[in-house]
Amino acid sequence: MTQNHTLKCDFIGGAVNHRLLYGGGRGQDLPKAVGMKAGKTPHMIDATAGLGRDAFLLASLGAQVTLIERSDVMHALLQDGLNAARDAGGLHAEIASRMTLFHGDAIDLLPSMNPEVVLVDPMHPARQKSALVKADLRAIRDIVGTDDDQLSLIQTALATASKRVVLKWPAKAAPLAGLKPCSHQIIGKSVRFDVFMT
């Protein structure tokens, strides 16, 4: 198992802070996919929070974001990261104030939450290329394993979201088996967002 003591949820420095300062605002693929346009800022649920980077981006653009994480280890890392952002004060604390973290399984929690938009970013299928995925993603995979219930999660999201469900998926990967066709896609270099209007 990969050592995960270096895995950290950091909303203050590094890549997350760089994206905050220079990322391009609502013109980025994720904000467009979740429907942040024409002044609209829907309430969102990140059903597979991970290290919270996508949720932090959305919160930095004014969204109220509920994060759900079922892994004990990942939830603890997220809580530490949110606490540090709140303690830092200023802009980071303001962004963290729009993020609410829940510990549990989104399949169980979503039906009682009445979300407008649900973002689902499950552990992606194994890559065909030999290139290694980033070290932090390997560490996360070691912690959470594979999301064997990802289809059930997306179907639950589709049944509960009032506006849309966004599936973050490898750009060149085949669609998830058993899932209805999406309404449209936003395709980036390495990931794409499959958007399902509900």
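Guide: Helices (H or I, at least four residues) and strands (E, at least two) are DSSP runs, numbered from the N terminus, and this chain has eight helices and seven strands. The model is predicted, and local features need pLDDT of at least 70, side-chain atom pairs count only at pLDDT 80 or more, while totals for chains, interfaces and linings use all residues. Residues are numbered from 1 along each chain as its sequence is written, and side-chain values use heavy atoms, with hydrogens and water left out.

Visitor: In what order do the seven strands stand in the open sheet?

Guide: Two strands pair if DSSP finds at least two bridges between them. Here the order is S3-S2-S1-S4-S5-S7-S6, with mixed pairing. Strand S3 (99–103) and strand S6 (184–187) stand at the edges with a single partner strand each, so one side of each has no neighbour in the sheet. From one strand to the next, the twist averages 20 degrees.

Visitor: In which sense do S1 and S4 pair?

Guide: Strand S1 (residues 44–46) pairs with strand S4 (residues 117–120) in the parallel sense, over three bridges, and Ile 45 stands opposite Val 118 in S4.

Visitor: Which strands does helix H3 lie across?

Guide: Contact means heavy atoms within 4.5 Å, and axes are lines fitted to C-alpha atoms, for helices over the stretch in contact, with angles from 0 to 180 degrees between N-to-C directions. Helix H3 (residues 53–60) lies across S1, strand S2 (65–69), S3, S4 and strand S5 (164–170), and runs at about 170 degrees to S2.

Visitor: How many residues of H3 are buried?

Guide: Buried means under 20% relative accessible area, exposed over 50%, and partly exposed in between (1.4 Å probe, protein chains only). Six of the eight residues of H3 are buried, so this helix is largely enclosed by the rest of the structure; among them are Phe 56, Leu 57 and Leu 58. Over the chain, 46% of the 198 residues count as buried.

Visitor: Is Thr 160 buried or exposed?

Guide: Thr 160, which lies in helix H8 (residues 150–160), is buried, with a relative accessible area of 17%. Not counting residues up to four places away in sequence, Thr 160 touches Leu 110, Pro 111 and Pro 115.

Visitor: What share of the contacts in the chain with a separation of 6 or more comes from residues 24 or more positions apart?

Guide: Residues 24 or more positions apart account for 66% of those contacts.
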